[in-house]
Amino acid sequence: MEEALNFLQWAADLGISDTPLTSTPQSNSCLGHSLFVSTFPDAGGRGLATARDIRKGELILKVPNGALMTSQNLMINDEVLSISVKKHPYLSSTQILVVALLNEVNKGKSSPWWPYLKQFPRSYDTLADFDKFEIQALQIDDAIWAAQKASLKAEAEWKEASVLMHDLKLKPQLLTLKAWLWASGSISSRTMHIPWDEAGCLCPVGDFFNYAAPGDETSNSEDQVAGKAFYLQEDSMLKSATELATDHRLIDAGYEEDVSSYCFYARRNYRKGEQVLVSYGTYTNLELLQHYGFLLTDNPNDKAFIPLEPDMYSLCSWENELLYVQPDGKPSFALLSTVRFWAVPQNKRRSFIHLVYSGNRLSTHNEVAAMRWLAKKCRTTLDILPTTAEEDGKLLVILDKFQDIHQFMEIKEMPPPLASELCAFMESKDMLSEGIYVPSSVARRSIERWKLAIQWRLHYKKILCNCIAHCTEIINYINSSKDSEYQEIFVKPVYLNRFLIIIIII
C-alpha cells in the first residue's frame, strides 16, 4: 500500500493528473478526482476505476511529455547511454528502448524512474515467453509458427544488443535472455504510440488502463471486411476530416502536440466505481497473446484461419489475411467469395467473376457446394487435432483445481489425450509423477501459459464448430426453401456491393 502511494505521489510530482485544468490538482496523488486504482479479478486485474460519474469524451488523465519513458527522455538524462547508443546504429528503436529500460533497472534506487519500475510485473506471458511445450500446446500450425517466430526474434534481438549492454556494464543478471524477455515484454505490452518513435513510450499511470476490444462499429464482421476504409468513405459524406479525427480522439487516447501530453478520454459514459477501459486497437486473440500476454473470452475481432486448397489462393485478389472464419462461424466475405468461385467449373469461371465480387450467390447448387466444402474442411481440421473442444474444457478445469489444491486427479482417470498432455507437461518440468507435489514458481508460471494456450485453441475450435453449424443451417434452409426466399435472405446488402465495386475500379 505504501509503495503504491509513493508511486502516485511521484507521478503527481511529474505533473501527471486526472484533474481538469479548471480544478486544483491534489498535491499528494495524481489520482482521486476522476480515477482511482482498483482490482478487477475477472477483468484484467489491477486497473483504473471512476471516482465519479464520467461522460463520454471527457478528459480523464493527462501525462506530460517529461513523464513519458522514451528513449529520447532517457538519453537526455544519461550521457553514457546516449554516447553508447550512437555506437550501435544498426539497433532498432525497440531494441534501444529495451536496453534503456534495463539500464534504468541496473541503477536500482538511484534511478529517477525507480518508483515506476517497481510497478512492473515480474514476468510476462507473451508468445516470446512460451517454452517448447507451451508452444506445442497451441496445437494449430499457424499459432505454433507465430510463437516460434516470436521466440526466435526475441533471441536474435537480444544477441544483437548484447554488445551495447556490455558497454553499459549492466549487472550479469540483466545480460541474460531471461532479463531481455522481461524488458521486451514490458515494451511490447505496455508502450503506447507516439509519432516520433516507432518503439512508443512507457506511460506511467496511463498503462494501468486495461484493454477493451473495439465495439461493433469496428469489429471484423463479414460486411466490414474492408473495415476503416469503408466507414471513412461513408462517414465522409456526412462529416469533415477534422470532425472524424476529433471523434476518434474523444473515445481513445493519444499524444497531443498542443499540450505536449498524452491524453486519455472516456470511451463511453461511466458510472462511479466502474472500470475505465482503453482500446489498444483491433486484435485477434493470437495477436493479443503475442503482444500483450492475454486473450479475451468474447473477442469480436477474433479470426480462425483454415487450410485452403492450393489453387484457391490464386483465384481471387484477396490477401490471405482476409480469408478467415468469424467468431460466429460465418466465413468472411473474402473467404466465402473465394470458395464460391472455386466451386465453379474452370471453363465457366470467367463469366461468373463479376458476381463473385458483387457478393451475390452464384446459384443454389454452387452455394450448397461452397457450404459443404467449408463444413468438411472445418471437420477435417478438428479431427486431426490431438484434443477436442470438450476435452480442452475439461483440462482447464483440471488445471484450475490443481492451482487451488496443488493436486492432479489420477492420470488413469483422465481421457487418454489429456493424460498424455499432462504427462508431457510434467516430464518437461521434471516434476514428480505421484500426483501430489509442491510446484515451483517456474512450474506455476508455466501452468499459466499452458492454460492460455489451451484457452486459445479452445476458442479456435469453437469458431470452427460454429462454422459447421452455420454451413449446415444454410444447406438445410436451401434444401427446404424456395429459391426466391433464399435469394432475399442471403444476398449481400447493397452498400457492401457498392464498396466492392469501388475497390475494383480503383
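## Briefing: sheet, salt bridges and cores

The buried residues of helix H3 pack against helix H2 (71-76), helix H4 and helix H7 (141-167). Contact here means heavy atoms within 4.5 Å, and buried means under 20% relative accessible area, with exposed over 50% and partly exposed in between (1.4 Å probe, protein chains only). Helices (H or I, at least four residues) and strands (E, at least two) are DSSP runs, numbered from the N terminus. The model is predicted: local features need pLDDT of at least 70, side-chain atom pairs count only at pLDDT 80 or more, and totals for chains, interfaces and linings use all residues. Residues are numbered from 1 along each chain as its sequence is written, and side-chain values use heavy atoms, with hydrogens and water left out.

**Helix H3**

- Helix H3 spans residues 79-86, and its buried residues are Leu81, Ser82, Ser84 and Val85.
- At the start of H3, a side-chain oxygen of Asp78 comes to within 3.2 Å of the backbone nitrogen of Val80. This is a polar contact, defined as a pair of N or O atoms within 3.5 Å; within protein, one must be able to donate a hydrogen and the other to accept it, and residues adjacent in sequence count only if both atoms are side-chain atoms.

**The three-stranded sheet**

- An open sheet is formed by three strands in the order E3-E8-E7, with antiparallel pairing. Two strands pair if DSSP finds at least two bridges between them.
- Strands E3 (59-64) and E7 (253-256) stand at the edges with a single partner strand each, so one side of each has no neighbour in the sheet.
- From one strand to the next, the twist averages 25°. Axes are lines fitted to C-alpha atoms, for helices over the stretch in contact, and angles run from 0 to 180 degrees between N-to-C directions.
- E3 and E8 run antiparallel and are joined by five bridges; Pro64 stands opposite Ser261 in E8.
- E7 pairs with E8 (residues 261-265) in the antiparallel sense over four bridges. Ser261 in E8 is the bridge partner of Glu256, and Phe264 in E8 stands opposite Ala253.
- The hairpin of E7 and E8 has four residues between the strands, and Ser260 takes a positive phi near 50° there.
- Five of the five residues of E8 are buried. In a regular strand the side chains alternate between the two faces of the sheet. In E8 both faces are covered, with Ser261, Cys263 and Tyr265 buried on one side and Tyr262 and Phe264 on the other.

**Salt bridges**

- The count of salt bridges is 17, where a salt bridge is a side-chain nitrogen of Lys or Arg within 4 Å of a carboxyl oxygen of Asp or Glu.
- Arg457 and Asp392 form a salt bridge, with the closest N and O atoms 2.8 Å apart. Arg457 lies in helix H17 (residues 441-480) and Asp392 in helix H15 (residues 389-405), so the pair ties together parts that are 65 residues apart in sequence. Arg457 is buried at 0% relative accessibility, and Asp392 is buried with a relative accessible area of 0%.
- Lys107 and Glu104 meet through their side chains in a salt bridge (2.9 Å, N to O). The two residues are three apart in helix H4 (residues 93-107), and so are separated by about one helical turn. Lys107 is partly exposed at 28% relative accessibility, whereas Glu104 is buried at 2% relative accessible area.
- Glu274 forms a salt bridge with Arg268, the closest N and O atoms being 3.2 Å apart. Glu274 is partly exposed at 27% relative accessible area, and Arg268 is partly exposed at 36% relative accessibility.

**Nonpolar cores**

- A nonpolar core is a set of buried Ala, Val, Leu, Ile, Met, Phe, Trp, Tyr and Cys residues joined through side-chain atoms within 4.5 Å.
- The largest such core has 76 residues, and those with the most contacts inside it are Leu127, Leu138, Trp450 and Trp456. Helix H17 gives the most to this core, with 17 residues.
- Apart from neighbours within four places in sequence, Leu138 is in contact with Leu127, Ala143, Ile144, Ala147, Leu289, Ala453, Trp456 and Arg457.
- A second, separate core has 62 residues, including Val85, Leu168, Leu170 and Cys203. Val85 is also among the buried residues of H3.
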